[in-house]
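Keep the viewer open and follow the headings.

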Protein chains: 2
Amino acid sequence: MNYCSECGKPVAKKIPSGDNLPRFVCDSCQAIHYHNPKIVAGCIPEWEGQILLCRRAIEPKAGLWTFPAGFMELGEGTEQAARRETFEEAQANVAITRLHSVLSLPHIGQVYMTFVGSLLSKEFGAGLESLDVQLFDRVEIPWDELAFPVVKDALRRYVDDVTRGEFRLHVADLPDRLV
Amino acid sequence: MNYCSECGKPVAKKIPSGDNLPRFVCDSCQAIHYHNPKIVAGCIPEWEGQILLCRRAIEPKAGLWTFPAGFMELGEGTEQAARRETFEEAQANVAITRLHSVLSLPHIGQVYMTFVGSLLSKEFGAGLESLDVQLFDRVEIPWDELAFPVVKDALRRYVDDVTRGEFRLHVADLPDRLV
């Protein structure tokens, strides 16, 4: 950030009075600009023991696999965001089953909130951001071709849970080196 | 947003190519500026059957009560944010017990992630943003003097869970009229 989005004048990084962290502050209109972590809402869509994954058509990591996930938008709820991303990327409709994991990536200011969902039918296809969408058995997941370490981490936790038949919410931070 | 935070020139709201929502786009440098929901990390701190609440010293809703909560910062994880807010507002140290609720407020672009925590000792006090900090029995919670409807909603769900002895994660959207 170089300029104030309110008035267009230069900003400087300083600690506002009553605060304890540096923020971008406008020297002209005194507006304080806060930047905060973003939520990535995702869904692991299930169908008869298989899960639906997408091969990314866009950078970063085009050509690699992920479950449907993307930035939550203003005006929606977390489950709604996960359902929307599933429809956009995999042209599939899901009913949300449960929240599976809340994985913070402090070094890049993201929080992955990944739900498990049930496909409402076996209809799916590649959305604009996907090259391919396929159902995978748990033993067929392309572990070496996953797009991001956080996707691998969430899927590993999911597969372990399903294998053991024990479901719990996973709340964790992922260290820099993983991502 | 009126001006591009990158180059200082005016922005216009338009749907970028490949997108389906209007964004602030710079006519000059073509930067696209995304705005997304913010996470409010909170904690319900427990001590021997009581919970710790803070009376707000700052607007909005100065003078009214809440559990410690505030905007998650870049560089931290969700539990870390909840612990930090508890220390800042109630001068208390907690160990996080579990995630209690994920409550989306779509009309104001916030997601309240509220944890339950255990006070590590009975030491607490009013931080800079609090007028008063007190332990409350469940039957003493000042329901008519709570700062925000989302705080009331989360506390109501908490008290119901504790009363029944059944703990589950609450994921919900709160409608406009409640907040």
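In chain A, strand β1 (residues 11-14) and strand β2 (residues 23-26) pair antiparallel, with 4 bridges between them. Two strands count as paired if DSSP finds at least two bridges between them. Across this pair, A:Ala12 has A:Val25 of β2(A) as its bridge partner. On to the next strand: β2(A) is joined to strand β3 (residues 32-33) of chain A by 2 bridges, again running antiparallel. Here A:Val25 has A:Ile32 of β3(A) as its bridge partner. The hairpin of β2(A) and β3(A) has 5 residues between the strands, and A:Gln30 in this hairpin takes a positive phi near 70 degrees.

Chain B has an open sheet of 3 strands in the order β1-β2-β3, with antiparallel pairing. Its edges are β1 (11-14) and β3 (32-33) of chain B; each has a single partner strand, so one side of each is left without a neighbour in the sheet. Strand β2 (residues 23-26) of chain B is connected to β3(B) by 2 antiparallel bridges, and B:Phe24 sits opposite B:His33 in β3(B).

## How to read the model

This is a predicted model, in which local features need pLDDT of at least 70 and side-chain atom pairs count only at pLDDT 80 or more, while totals for chains, interfaces and linings use all residues. Residues are numbered from 1 along each chain as its sequence is written, and chains are lettered from A and ligands numbered from 1 in the order in which they are written.

## Chain A as a whole

Chain A holds 2 helices and 11 strands, and along the sequence they follow the pattern β-β-β-β-β-β-β-α-β-β-β-α-β. Its C-alpha trace spans about 60 × 30 × 30 Å along the principal axes. The domain assignment, which is automatic or from a database, gives domain 1 (1-35) and domain 2 (38-178). The centres of these two domains of chain A, taken over C-alpha atoms, are 36 Å apart.

Of the 179 residues in chain A, 36% are buried. Buried means 20 or more other C-beta atoms within 10 Å of a residue's own, exposed means 12 or fewer, and partly exposed lies in between, with C-beta atoms placed from the backbone. Two residues are in contact if their C-beta atoms, placed from the backbone, lie within 7 Å. Among contacts in chain A with a separation of 6 or more, 61% are between residues 24 or more positions apart.

## Strand β9 and its partners

β9(A) is mostly covered, with 8 of its 10 residues buried. It pairs with β4(A) in the parallel sense over 9 bridges, and A:Ala41 has A:Met113 of β9(A) as its bridge partner. β8(A) and β9(A) form a hairpin with 4 residues between them, and A:Gly109 in the turn has a positive phi of about 65 degrees.

## Helix α2

Just after α2(A), A:Gly165 takes a positive phi of about 70 degrees.

A:Lys152 also belongs to this helix. A:Lys152 is partly exposed, with 18 other C-beta atoms within 10 Å. Leaving out residues up to four places away in sequence, A:Lys152 touches A:Trp143 and A:Leu146.

## Where the chains meet

33 residues of chain B are in contact with 33 residues of chain A. On the chain B side, β8(B) gives the most, with 3 residues. By class, that side has 17 nonpolar, 10 polar and 6 charged residues. Ala, Val, Leu, Ile, Met, Phe, Trp, Tyr, Cys and Pro count as nonpolar, Asp, Glu, Lys and Arg as charged, and the others, Gly among them, as polar.

A rotation of 180 degrees with 0.0 Å of shift along its axis superposes chain B on chain A, with RMSD 0.0 Å. That is the relation of a two-fold axis. The superposition is by least squares on the C-alpha atoms of residues with pLDDT of at least 70 in both copies. 100% of the interface residues of chain B are also interface residues in chain A, so the copies meet through the same surface.
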